[in-house]
Every structure is written in C-alpha cells, then in structure tokens.
Amino acid sequence: MDYPRDYNAAVDFVDRHAEQGRGDKPAFIDPERTLTYGALRDGCARMGRLLRAHRLEAESRVAMLVLDTVDFPVIFLGCIRAGVVPVVLNTLLTTDQYEYILGDCRARALFIAAPLLGVLVFLPFYLSPVMNYPLEQVGGYFYATTLKDAFMGVVISSHLVIVFFRSHGNPRVFRRHPIRFTVVPAVLLTAMLLSPVVVAAIGILSIWWDVYHSSLQTFGIGRIYDQKRGNDLQVGRRLDYVLNLLIYAGPIVGGASLFLHIANHDRHLGSMPALGEALFDQIPVVANIYSRYATFTLLAFAIPFCVYYVYAYWRLQRRGYRVSFQKVFLLAFLVPVSVVCWGFNSFAEAFFVMNFFHSWQYFFLVWHIEGRNLTPLFRLDRFRYGSQVALAVYVFAGVGFGVWATFPWLSLH
C-alpha cells in the first residue's frame with residue numbers, strides 16, 4: 001500500500017471516521033464512559049493544543065502512566081497527531097524500573113492517572129539521597145532516622161488532628177455527640193495520667209483501631225463510587241464492610257507482620273514489667289506456635305467469602321446493580337498492596353505511599369466538607385481573603401501537630 005510522505009496515523013484512525021459520517025459511533029468504551037470518533041477527534045485536538053502550549057515540539061518524548069480508560073487513546077493519539085512520541089509505561093512496574101525508563105527515554109513530560117499519582121509523588125523521596133540522609137548527623141534525637149522518615153511522620157501525624165475541625169468545629173456534628181467529644185476524652189486522658197495499664201491498653205487499641213479506621217475509609221470511598229453510579233447505598237453494604245475488614249486485618253492476622261504488631265504491644269508495655277510477665281510475655285510464643293493455624297483458618301474463610309462476594313454482586317448486577325469501574329479498580333489493587341504492606345511490611349516505600357495519600361486525602365476531604373464552617377469559626381468571614389487565611393490556619397494547625405509529634409524535642413514525650 002502507498003501512503004503519503006506526511007502520513008499521520010491519528011488522522012487515519014480518527015479523523016477519517018469522523019469525516020466519513022461515523023463521528024457519533026463508539027470508538028472506545030471503558031466500564032464508565034463511551035468515547036465516539038467525534039469526541040476522540042476533539043480530544044486529540046485539545047491534546048495537541050496542550051502540547052504546543054507547553055512547547056513540546058515534534059519528536060519530543062512524553063511518558064504515559066495511565067489506566068485503561070478512554071483517556072488513554074486521547075493522550076496517545078493526541079500525541080501522535082501532534083508529532084510527539086508517546087512512551088507508554090506499564091502501571092505495575094517497580095520504582096527502579098520507572099527510574100530507568102524515564103531516564104532512558106528522555107521524556108519531557110509525564111501524563112499520569114490520578115489513582116497512580118502516588119508513584120510520581122513517591123519517586124523523589126525514594127530516589128533522592130538527601131531524603132535518605134541520616135538525621136543523627138544533623139544532631140539531636142528523632143523518632144525518624146532519615147529525612148524521608150521524618151517527612152512521612154509529619155504528614156501522617158498531621159492528619160490526626162484535623163478531624164477536630166469536623167468533630168468540634170462543626171456545630172451540627174458536635175450537637176449529635178456532645179458526650180463523646182467532651183466527657184469521654186477527658187475521662188480517658190485522666191485515666192491515662194493515673195494508670196500505666198490504661199496507657200498500655202489505649203496504645204494497643206490505637207494500633208488495631210488504625211487498621212479498622214483505614215479499612216472503613218476504603219469502604220466509604222467504595223460506597224461513594226456506588227452512589228455516583230446511581231446504586232442504592234444499602235445494596236451490598238454488608239458485603240463491602242466484611243471485605244474491607246478482611247483486606248486490611250486479614251494479612252496482619254495471617255501474615256508476617258503479626259510479630260511487628262506484637263512488638264508494638266511490647267513497646268507500650270515496657271513500663272509495666274509485672275503486667276508483661278504475667279500476661280503479655282507469652283503472646284509472641286503463642287503467636288509463633290499457632291501462626292500457621294491462624295493463616296489456614298484465615299484462608300479457609302477468606303477464599304470462600306471472596307468467591308461468594310463475586311457471586312453475590314453478579315446476582316445484584318442481574319437485578320439492576322450498576323458496577324463501578326473505580327470501585328473494582330480500588331479493590332483489585334488494594335488486595336496485593338495490603339498483602340505486601342500489612343502482611344509482610346517489607347517495603348517501607350509502599351507504606352509511605354499508602355499512608356501519605358491517606359493523609360493528604362483526609363486534608364482535602366475535611367476542608368471540602370468543613371471549609372465554609374471554618375472561615376466564620378476563625379472570625380475571618382468579614383475579611384476579603386478570609387477563606388484563604390482560614391485554609392492557611394487549617395493547614396498550619398495540622399502540619400504543626402505533625403512536627404510536634406514527630407520531633408520529640410519539641411514535645412513532652
């Protein structure tokens with residue numbers, strides 16, 4: 001076949017169909033959206049303008065870390081139409097592989113899907129020698145051993161305090177649970193000051209509560225995806241609840257990190273040798289003896305439940321339930337990540353990505369919900385830039401607590 005010298009595959013694959021009257025025909029379909037040839041042509045044109053606006057001329061390299069959605073052909077064919085070379089990256093590669101490919105292809109830009117943004121944010125911290133600089137050489141004593149650990153500690157700790165702006169800063173929420181938000185914290189704090197046993201019990205509870213809290217946040221995000229698809233929020237609710245608890249707690253109970261969590265228990269019990277000798281010193285021994293049985297028991301429940309989960313949702317779909325691609329993607333990738341992070345805890349990098357995005361996502365969620373309440377709460381609603389100042393106070397309060405909690409010389413540890 002003879003092709004003109006200035007042949008452009010995107011024009012042939014996309015524009016030709018639109019010009020021949022097939023502009024309203026589907027070109028690409030993903031579980032959530034359908035992209036017609038006409039819409040694809042318009043998207044490719046916008047992509048070309050975007051590339052030119054950022055001075056990406058012909059034969060420049062542009063990397064793509066994008067999921068299998070209709071956004072993929074818009075970026076890929078838009079680059080080809082503009083003469084830019086798209087370099088497609090597998091979403092399952094390791095950070096070392098991303099580093100090699102990005103350096104070798106000399107990409108001048110990177111398109112990355114929002115759920116995969118953690119990889120991009122994480123790379124500078126993983127690769128930079130500065131972020132791995134030992135803090136002991138800086139001077140003083142820190143809980144974190146490197147700058148990367150310190151940054152992670154600040155970000156993770158900072159999101160713990162901003163919930164205060166929703167629980168106590170929102171009058172409607174506060175009126176629903178006044179005893180829980182006032183009396184209960186005061187009683188617990190008093191008990192902790194009076195009894196080291198209570199300190200140990202709350203320390204242990206907080207470790208497992210964090211697991212429960214994380215699982216329910218994912219559960220809630222999945223329900224939001226269902227709602228956006230027009231599903232009844234009560235449909236499949238119990239199935240999702242059990243599955244998310246299983247995804248988070250299961251790898252801990254049946255995995256290698258059980259001993260790490262027991263070590264955390266021992267740390268909280270270090271100031272109470274009598275209690276430890278009487279009760280908790282035997283926990284590692286018992287865990288070592290019965291860990292294999294715990295794993296088999298967990299698998300005996302988890303495998304049939306997962307099969308039933310898929311079957312139950314298949315039946316729900318036949319009755320009109322609309323499957324959310326975002327929810328399926330969330331759960332499909334959460335399982336291996338949870339097994340690696342919680343079950344083995346051998347990759348601190350994965351731990352960083354999970355907790356970092358859990359934290360900043362919480363920052364955005366709370367501000368999105370409570371931003372309008374915080375401006376008048378800080379008495380800034382009468383000022384021209386009151387909302388911006390309120391946002392700065394909100395962020396500073398969270399980050400300040402994170403610094404205070406991470407660096408002991410600033411706190412009362």
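Is arginine 81 buried or partly exposed, and at what relative accessibility? Arginine 81 comes out as partly exposed, at 31% relative accessibility. The cut-offs here are under 20% relative accessible area for buried and over 50% for exposed, with partly exposed in between (1.4 Å probe, protein chains only).

1. Ground rules. This is a predicted model, so local features need pLDDT of at least 70 and side-chain atom pairs count only at pLDDT 80 or more, while totals for chains, interfaces and linings use all residues. Residues are numbered from 1 along each chain as its sequence is written, and side-chain values use heavy atoms, with hydrogens and water left out.

2. Overall picture. The protein chain has 17 helices and five strands; these are DSSP runs numbered from the N terminus (helices H or I, at least four residues; strands E, at least two). Of the 413 residues, 36% are buried. The chain exposes about 25,000 Å², with carbon and sulfur atoms supplying 64% of that (Shrake-Rupley method, 1.4 Å probe; for residues, only the protein chains shown count as cover). Among contacts with a separation of 6 or more, 67% come from residues 24 or more positions apart, contact meaning heavy atoms within 4.5 Å.

3. Three strands line up in the order 4-3-5, with parallel pairing (two strands pair if DSSP finds at least two bridges between them). At the edges sit strand 4 (85-88) and strand 5 (109-112), each pairing on one side only. Neighbouring strands are turned by 25° against each other on average, direction ignored. Strand 3 (residues 61-65) and strand 4 share four bridges, and alanine 63 stands opposite valine 87. Helix 3 (residues 71-81) packs on this sheet and touches strand 3, strand 4 and strand 5, its direction making about 145° with that of strand 4. Axes are lines fitted to C-alpha atoms, for helices over the stretch in contact, and angles run from 0 to 180 degrees between N-to-C directions.

4. Valine 84. This residue is in the loop between helix 3 and strand 4 and counts as buried, at 3% relative accessibility. Beyond its neighbours within four places in sequence, valine 84 has contacts that include Leu51, Leu56, Val62 and Cys79.

5. Salt bridges. The whole structure has ten, a salt bridge being a side-chain nitrogen of Lys or Arg within 4 Å of a carboxyl oxygen of Asp or Glu. Arginine 81 pairs with aspartate 15, closest N and O atoms 3.3 Å apart. Arginine 81 is in helix 3 and aspartate 15 in helix 1, so this pair ties together parts 66 residues apart in sequence. Aspartate 15 itself is buried, at 7% relative accessibility. Glutamate 370 bridges to arginine 166, with closest N and O atoms 2.4 Å apart. Worth a look: glutamate 370 counts as buried at 0% relative accessibility, whereas arginine 166 is partly exposed at 31%.

6. Hairpin. Strand 1 (residues 26-29) and strand 2 (residues 34-36) run antiparallel, joined by three bridges. The two form a hairpin with four residues between them, and proline 26 stands opposite threonine 36.
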